[in-house]
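Reader: Hi! I've got a structure open here and would like to talk it through with you. Could you take a look?

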Amino acid sequence: MPNTDVIVACASCGTQYNVSSMAPGAKFKCQKCSTINIVPAGEEPIKYQSPPPPRPQARPQVKLPVKAGPKPTPAPSRISGSRVPASKASVPLKRGKIPTRKSEENEEAEMGAIKGGIMAKENRKYIYIGGAVLLVILAVVYVMHSNSVAARDKQTVEDVAKKSKEIIELLGAKDYATALEKIGAFIKEFRECEIPEVKKNVENTEKSIKGIEQKIELEKEGKGKLANLMEKKSNTPPDQYEDLIKELTGFRNNYAEFSQLFSKADSELKDIETKVAAKQEEEDTKAYNDLMAEIKPMVNDGKIDAAITYLKKYWDDTPKISKRLQGALKKKLSELKAMK
């Protein structure tokens, strides 16, 4: 009698099973790799293949509990081609416990496990894609943030340079009080800035405060001295301005770095000099007219030498003769000599 055993090879690992006792279309689980296999129908040809080489590490076999039930009745063979003699198998048959037919609930659970594995693979694919997209977004955000920080730092440096220039211009104009106010606001605004260039600028500005405060005190002292000089001017007659002119000249030289004090002192000095010059001109005119009245009779009588001698004697006896009067007397002496 020919051998009517039905042999099926596992679709995953190639392990062969004798499924003669199972109905076509029934499912059974490979005891080696846990792959779910289906008993082929009678009209379907059974393909045999040599089992692949053993895996380096076989996954531990998990045996599912088999629901107890009546032993299935072996299905009669309908097609002779589905029965293969055991002697013609490519590898020795693996004998053992034949998987029993599972209930519909177990079959649905196993199919759900298969679908779950497929869905898990799909989910992993989406996780990888989502992770890559997230990395790209983070990179874009980082670049945008870096650009924003760079633009903000650049604007801060420009603001510092602009305000530093304003302070320098005030110091150049000797307006120390206003400059000190600007410095206080500057330090308050940029003290917490971490940009190295700005921090260095703030530190240098803080160091300059002490010197500027000294300048302000010196300017305050100068204002008091100038006020005293102005009071002295109002109480001094023009003919006694000589000492006041010296004091104002010294004050102007000592406080030349303070534009307001210098300008005020210079203006007052010029006013005094103008008044002194006017007074001197008045005195010179009177002295010259008096001299001309004295020598007029001599000139009319032809006593030119006597007139010349009189003028020279006045020159020698007068300790201080202004340049204007000296020039007038020289011119008159030349005229008298020409008349001889």
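Reader: Let's start with the rings. How many aromatic pairs are there?

Author: This is a predicted model, and the count in it comes to five aromatic pairs. One of them joins Tyr-255 and Phe-258, with 6.1 Å from centre to centre and 45 degrees between the planes, a tilted arrangement.

Reader: And are Tyr-255 and Phe-258 buried or exposed?

Author: Both Tyr-255 and Phe-258 are buried. They also belong to an aromatic cluster, together with Tyr-176 and Phe-251.

Reader: Tell me about Phe-251, then. What does it touch beyond its neighbours within four places in sequence?

Author: Phe-251 is in contact with Gly-222, Lys-225, Leu-226 and Leu-229, and also with Leu-261 and Ala-265.

Reader: Nice. Which residues touch the most other members of the largest nonpolar core?

Author: Phe-251 again, along with Phe-186, Val-198, Leu-226 and Leu-248; this core has 26 residues. At least two core residues come from each of helix 1 (104–172), helix 2 (176–190), helix 3 (196–234), helix 4 (241–254) and helix 5 (259–300).

Reader: Which helix gives the largest share?

Author: Helix 3 does, with six residues. There is also a second, separate core of 13 residues, and Leu-311, Leu-329, Leu-333 and Leu-336 are among them.

Reader: Changing topic: charges. How many salt bridges does the structure hold?

Author: It holds 17 salt bridges. In one of them, the side chains of Glu-189 and Lys-163 meet at 2.5 Å, N to O. That pair links distant parts of the chain, as Glu-189 is in helix 2 and Lys-163 is in helix 1, 26 residues apart.

Reader: Got it. What about Glu-257, which side chain does it meet in a salt bridge?

Author: Glu-257 meets the side chain of Lys-215, at 2.8 Å from N to O. Here too the pair links distant parts of the chain: Glu-257 sits in the loop between helix 4 and helix 5, while Lys-215 belongs to helix 3, 42 residues apart. Glu-257 has a relative accessible area of 22%, so it is partly exposed. Lys-215, at 27%, is partly exposed as well.

Reader: And Lys-275, what does it pair with?

Author: Lys-275 forms a salt bridge with Asp-271, and their closest N and O atoms are 3.6 Å apart. Both lie in helix 5, four residues apart, which is about one turn of the helix. Lys-275 is partly exposed at 38% relative accessible area, and Asp-271 is partly exposed at 29%.

Reader: Which residues are linked with them in a network of salt bridges?

Author: Lys-233, Lys-264 and Glu-268 are linked with Asp-271 and Lys-275 in that network.

Reader: Last bit, the whole chain. What does its secondary structure come to?

Author: Seven helices and four strands. From the N terminus on, the order is β-β-β-β-α-α-α-α-α-α-α.

Reader: How much of the chain counts as buried?

Author: 26% of the 340 residues count as buried. The chain exposes about 23,700 Å², with carbon and sulfur atoms supplying 56% of that area. As for contacts between residues at least 6 apart in sequence, 57% join residues at least 24 apart.

Technical notes: Residues numbered from 1 in each chain as written. Predicted model: local features only at pLDDT ≥ 70, side-chain atom pairs only at ≥ 80, totals over all residues. Heavy atoms only, no water. Core = buried A, V, L, I, M, F, W, Y, C linked by side-chain atoms within 4.5 Å. Buried < 20%, exposed > 50% of the residue type's maximum accessible area, 1.4 Å probe, protein only. Contact = heavy atoms within 4.5 Å. Salt bridge = Lys/Arg side-chain N within 4 Å of Asp/Glu carboxyl O. Phe/Tyr/Trp six-rings, centres within 6.5 Å; stacked < 30°, edge-to-face > 60°. Areas by Shrake-Rupley, 256 points an atom, 1.4 Å probe, with all protein chains shown as cover.
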